[in-house]
Amino acid sequence: MAKERRKAVLELLQRPGNSRCADCGAPDPEWASYTLGVFICLSCSGVHRNIPQVSKVKSVRLDAWEEAQVEFMASHGNNTARDTYESKVPPFYYRPTFSDCHLLREQWIRAKYERREFTHPEKQEPYSAGYREGFLWKRGRDNGQFLSRKFVLTEREGALKYFNRNDAKEPKAIMKIEHLNATFQPAKIGHPHGLQVTYLKDNSTRNIFVYHEDGKMVDWFNALRAARFHYLQVAFPGASDADLVPKLSRNYLKEGYMEKTGPKHTEGFRKRWFTMDDRRLMYFKDPLGAGDLAWLSLAPALRTPSPVGKSSSAAGSAATLCWTGSRHPRRATTGRMASPSSRQSAGSCWPVRQSQSGGRGQQLFGRSWTGPCCPRSMQWKPTSSINPSRAGPGGPRNPDSCDLASEDTAARLGGPTARGGWPPGPCPQGQPRSGAAGT
């Protein structure tokens with residue numbers, strides 16, 4: 001009889017929705033909460049054990065099942081539980097997966113079953129009110145020590161601020177919601193609740209590392225996502241929630257150490273921490289660096305009209321390096337140091353294109369790079385400032401026109417893209433819409 005009941009439970013796993021963990025989506029769950037009627041994975045079952053007043057778990061394959069428990073599981077299941085316990089999840093609330101950190105998954109489970117936040121919306125106030133104030137442990141930039149700092153998040157001002165002293169009238173830093181990202185980094189920070197917050201300051205990517213002793217760090221995380229969500233709703237009134245949610249926060253695609261050489265041939269290789277963030281490759285002095293040293297945009301190539309008789313595919317791939325140091329690297333097309341008259345200021349880019357057929361190879365950070373515009377500069381540069389007489393794959397450029405911006409810059413500033421061309425209105429720097437870039 002016990003084998004028949006265990007077999008009946010195993011057959012329930014074949015029903016729609018039961019083949020993945022009800023909480024994190026991991027495939028092939030082998031545990032079940034017989035008081036909630038859900039099938040869960042081994043990792044999530046550990047969280048359920050910590051809330052015995054709500055959930056009691058058993059192994060699907062190893063434990064003995066009673067007839068009443070089998071009937072309860074058959075009458076419920078993951079889809080039914082999802083309709084009950086996730087009926088009012090805000091669109092900005094982060095739904096963790098099996099690859100996310102333990103804190104996110106734990107608080108997601110407790111919010112659903114223990115606190116019942118998604119069946120009683122009034123319990124969502126800590127992260128949906130539009131204002132949050134409290135103390136977090138923040139890592140110091142110079143000494144690396146974590147100190148208690150007051151943080152204030154206000155949607156009305158569109159910013160996250162922190163103060164060095166409790167009685168300080170002016171914040172130490174103001175992080176605009178528009179350019180803010182948050183991601184949990186427990187291994188990097190060395191705390192299970194560690195959160196990395198990234199923002200832009202003076203066209204440079206800055207990092208702060210914070211944590212809270214309990215699960216309130218997840219409330220801060222979702223409050224930041226809520227602020228971003230409401231900002232994007234105003235900025236893009238025609239966009240759907242499904243379009244906006246992926247833009248609220250993002251995890252890094254890849255991180256790790258690599259060795260890089262300096263801009264001079266005489267400089268040796270140095271160990272640096274590299275981060276791939278969306279279409280941007282940045283490097284820092286170390287994993288907990290406060291600001292990037294330089295970054296490379298991996299935006300897709302932008303096509304330009306071809307001269308008569310030549311293929312437009314010669315434009316090749318495009319990327320942009322923002323040189324944020326004080327030294328000027330070599331110009332890629334000539335292998336010579338650029339003359340003072342042709343140099344741009346530190347933090348800007350020298351756009352050139354590289355054909356698909358090869359030629360001198362592109363080297364990272366200080367040798368050569370390609371691209372029509374520097375996304376970090378937050379502006380379009382007139383082609384006249386980068387030697388407009390040079391004839392690229394798209395033919396000679398008109399010195400009175402503006403360069404095409406990369407896709408991420410165009411989306412942020414309303415500029416031209418490879419797909420849509422120029423939007424209605426004048427050129428960003430008042431230049432006529434003529435030449436290759438204006439088509």
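**Close-up 1. What lines the second largest pocket.** By class, the lining has eight nonpolar, five polar and eight charged residues (Ala, Val, Leu, Ile, Met, Phe, Trp, Tyr, Cys and Pro count as nonpolar, Asp, Glu, Lys and Arg as charged, and the others, Gly among them, as polar). That's 21 residues, with Lys 138, Gly 140, Arg 141, Tyr 162 and Lys 172 nearest the pocket's centre. A pocket here is an open set of points on a 1 Å grid over the protein atoms alone, where a 1.4 Å probe fits, with protein on both sides within 12 Å along at least five of seven lines; lining residues have an atom within 4 Å of a point.

This is a predicted model, so to speak of local features takes pLDDT of at least 70, side-chain atom pairs need 80 or more, and totals for chains, interfaces and linings use all residues. Numbering starts from 1 along each chain as its sequence is written, and side-chain values use heavy atoms, leaving out hydrogens and water.

**Close-up 2. Helices α5 and α8 meet.** Here α5 (residues 102-114) and α8 (residues 216-235) have axes that come within 9 Å and cross at roughly 90° (axes are lines fitted to C-alpha atoms over the stretch in contact, with angles from 0 to 180 degrees between N-to-C directions; helices are DSSP runs of H or I, at least four residues, numbered from the N terminus). Leu 103, Leu 104 and Gln 107 of α5 touch Met 217, Val 218 and Phe 221 of α8 (contact means heavy atoms within 4.5 Å).

**Close-up 3. Confidence in α5.** Among the elements, α5 has the highest mean pLDDT, 97 (pLDDT is the predictor's confidence in each residue, from 0 to 100). For the protein, the mean is 75.

Key. Helix = DSSP H or I, 4+ residues; strand = E, 2+ residues; numbered from the N terminus.
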